[in-house]
Amino acid sequence: MPKILLVEDDRDLAGLLMRFLNSEGYTVSYASGQSDGMRIFNENVFDCVLLDISLKDGSGYSVCAAIKAISDTPVIFITASADEACTVAGFEIGADDYIGKPFGTRELLARMKNVMRRCQRTSPLLQCGNVVIDSAKGIVLKNGTEIVLSALEYRLLLVFFSNKNQLLSRDRLAEELWSLTKEFVSDNTLSVYIRRLRERIEDDPHDPHLIITVRGLGYKAVDG
């Protein structure tokens, strides 16, 4: 059963969409604002995000940018701000589609199915060495056996594997963690998360071959 995250500050519209999507066989999680939306996203794996631009405690643009920095989950903006500038801004930060209010529920459903097919067709798997992320299922496999990661470890691994062979600075990784937790990430905290991730995925965490240290610069995910 596909899982949808709906982030919408209009509770009447949210209720209507939830009832409709439930009747079509979807499981819907709801948030009215940016903070709750990101918290729910970080704790679950979704097939699609429906996202309003104007939220009670932030911006849909910020939510979309944070999601796209760590995940390939498709995002559809649903908003009354349907002018060209807003549409272009949404696509520039990674939105997969855009539908202006008012809209028909059947049109929304068709757009959802389209972006979910497109995203699943392009890149459901990310791999480094003997470790594979199946983003469609939200699981991580090592030598074909599933390994258990916390939600934050999973998101951090997605950042590494989505940027394979690219140098990621400690500042960049700290920013990614901040976007997930909204809490200050110290240098020591980042080191702890890197160590925990290596303990989960490396054959020898003391001699890592998948997430390597580039001394003085940061880290890089490689094929080992």
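Buried here means under 20% relative accessible area. Keep that cut-off in mind on this tour of a predicted model.

**Stop 1: aspartate 97 and arginine 111**

Select aspartate 97. Its relative accessible area is 12%, so aspartate 97 is buried. At 26% relative accessibility, arginine 111 counts as partly exposed. The two side chains form a salt bridge, 2.9 Å from N to O. Aspartate 97 sits in strand β7 and arginine 111 in helix α5 (residues 105–122), so this pair ties together parts that are 14 residues apart in sequence.

**Stop 2: aspartate 96**

Step back to aspartate 96. It lies in the loop between α4 (84–92) and β7 (97–100). Is aspartate 96 buried or exposed? Its relative accessibility is 18%, so aspartate 96 counts as buried. Show what surrounds it. Leaving out residues up to four places away in sequence, aspartate 96 touches Lys68, Thr73, Pro74, Val75, Phe91, Val115, Arg118 and Cys119.

**Stop 3: helices α6 and α8**

Select residues 151–162 for α6 and residues 187–201 for α8. The helices pack at about 85°, and their axes are 10 Å apart. That angle makes α6 roughly perpendicular to α8. Which residues of α6 meet α8? They are Leu152, Glu153, Leu156, Leu157 and Phe160. On the α8 side, pick Tyr193, Ile194, Arg196, Leu197, Arg200 and Ile201. The residues of this contact divide into 8 nonpolar, 3 charged and no polar.

Stay here and pick out arginine 200 and glutamate 153. They form a salt bridge, with the closest N and O atoms 3.4 Å apart. Arginine 200 is in α8 and glutamate 153 in α6, so the pair ties together parts that are 47 residues apart in sequence. Glutamate 153 is buried at 4% relative accessibility, whereas arginine 200 is partly exposed at 33%.

**Stop 4**

Move to helix α2 (residues 34–43), which holds both aspartate 36 and arginine 39. They are 3 residues apart, about one turn of the helix. Their salt bridge brings the closest N and O atoms to 3.8 Å. Aspartate 36 is partly exposed at 32%, and arginine 39 is partly exposed at 40%.

**Stop 5: a network**

Select Glu8, Asp52 and Lys101. A network of salt bridges links them. The structure's count comes to 13 salt bridges.

**Last stop: cysteines**

Select cysteine 48. Its relative accessibility is 0%, so cysteine 48 counts as buried. Cysteine 128 is also buried, with a relative accessible area of 0%. How many disulfides does the structure hold? The number is 0.

Conventions
Residues numbered from 1 in each chain as written. Predicted model: local features only at pLDDT ≥ 70, side-chain atom pairs only at ≥ 80, totals over all residues. Heavy atoms only, no water. Axes fitted to C-alpha atoms, helices over the stretch in contact; angles between N-to-C directions. Helix = DSSP H or I, 4+ residues; strand = E, 2+ residues; numbered from the N terminus. Parallel < 35°, antiparallel > 145°, perpendicular 65-115°, else oblique. Contact = heavy atoms within 4.5 Å. Nonpolar A, V, L, I, M, F, W, Y, C, P; charged D, E, K, R; others polar. Buried < 20%, exposed > 50% of the residue type's maximum accessible area, 1.4 Å probe, protein only. Disulfide = S-S within 2.5 Å. Salt bridge = Lys/Arg side-chain N within 4 Å of Asp/Glu carboxyl O.
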